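Here's a quick tour for anyone meeting this structure for the very first time. Have a look at it, then read on.

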Amino acid sequence: MIRSILLTTLMLASGTLFSQKLKTVTYQDGSQKLNGLITSNAGKKLPGVLILPAWKGIDEEAKTAAIELEKEGYIAFIADIYGEGKIPADNESAAKSSGYYKQNYQEYQKRISLALEQLKKNGAIADKTAVIGYCFGGTGALESARGNLPVAGVVSIHGSLGRDQSRKNEKLTAKILVENPADDRGVTLKTTAT
């Protein structure tokens, strides 16, 4: 399953825009309104993939990934981590927003859990669900595994591997695939040891 997810994710280079095939799903975290996107095959009993967007929120890359995953037979749901009205406008605000969730990982895990609930409510088979993400989303994929969220596997592409040293290591139940280039300066020996 993870190999298929990775191959599908790599097809993002097609550049074709498919966002018109995605439907908005509105859900809540307390008083914060969240607006995720789901593929048009929602409602069928199929394996599911939760896509965690990069640091600027839901973008065309995430939308294209969702449509490509749908073509492969998955229900794909793109999570809204920041919430309505809180989408970063530039790199500085994206760094601040993503940094908040990296530091407050329990809140990040909660937003991921809420998105997983929406994916499963829309037909995804519970024990055949995975989480994928790029950069900030890749960090979230790893947080899904660290939090032992109910997923079969996670794929982190260029995600941050580091974690606060005060956190206890827990037994991980999800299969994990980490894709980081050898020359990626954001991943050092120090962060891989944490």
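## Helix α4 and what follows it

Let's start at Gly-123: this residue sits just after α4 and takes a positive phi of about 110°. Keep in mind that the model is a predicted one.

The helix itself, α4, covers residues 105-121. With 17 residues at 1.5 Å a residue, α4 should span 24 Å, and that agrees with its end C-alpha atoms, which lie 24 Å apart.

## The nonpolar cores

So what sits in the middle of things? The largest nonpolar core has 27 residues, and Leu-50, Phe-77, Ile-81, Ile-112 and Val-131 are the ones with the most contacts inside it. At least two residues of this core come from each of β1 (23-29), β2 (32-38), β3 (46-52), β4 (75-78), α4, β5 (124-134) and α5 (136-146). The top contributor is α4, which gives six residues. There's also a second, separate core of 15 residues, and Val-49, Ala-66, Tyr-74 and Ile-132 are among them.

Setting aside neighbours within four places in sequence, Ile-81 is in contact with Leu-34, Leu-52, Tyr-101, Tyr-108, Arg-111, Ile-112 and Phe-136.

Is Gly-153 buried or exposed? Gly-153 counts as buried because its relative accessibility is 2%, and buried means under 20%. You'll find Gly-153 in strand β6, which runs over residues 153-157. Thr-129 is 24 residues away along the chain, yet the C-alpha atoms of Gly-153 and Thr-129 are separated by 7.2 Å.

Val-178 belongs to strand β7, residues 175-179. With a relative accessible area of 35%, Val-178 is partly exposed. Together with Leu-172 and Ile-176, Val-178 forms a nonpolar patch on the surface, and the three have about 210 Å² of accessible area together.

## The whole chain

Now zoom out. The chain holds six helices and seven strands, and from the N terminus on the order is α-β-β-β-α-β-α-α-β-α-β-β-α. There are 194 residues, 47% of which count as buried.

The chain exposes about 9800 Å², with carbon and sulfur atoms supplying 52% of it. As for contacts between residues at least 6 apart in sequence, 68% join residues at least 24 apart.

Notes: Residues numbered from 1 in each chain as written. Predicted model: local features only at pLDDT ≥ 70, side-chain atom pairs only at ≥ 80, totals over all residues. Heavy atoms only, no water. Patch = residues over 30% accessible without salt bridge, like charges linked within 9 Å, V, L, I, M, F, W, Y side chains within 5 Å. Areas by Shrake-Rupley, 256 points an atom, 1.4 Å probe, with all protein chains shown as cover. Salt bridge = Lys/Arg side-chain N within 4 Å of Asp/Glu carboxyl O. Helix = DSSP H or I, 4+ residues; strand = E, 2+ residues; numbered from the N terminus. Buried < 20%, exposed > 50% of the residue type's maximum accessible area, 1.4 Å probe, protein only. Expected span 1.5 Å × (residues − 1). Core = buried A, V, L, I, M, F, W, Y, C linked by side-chain atoms within 4.5 Å. Contact = heavy atoms within 4.5 Å.
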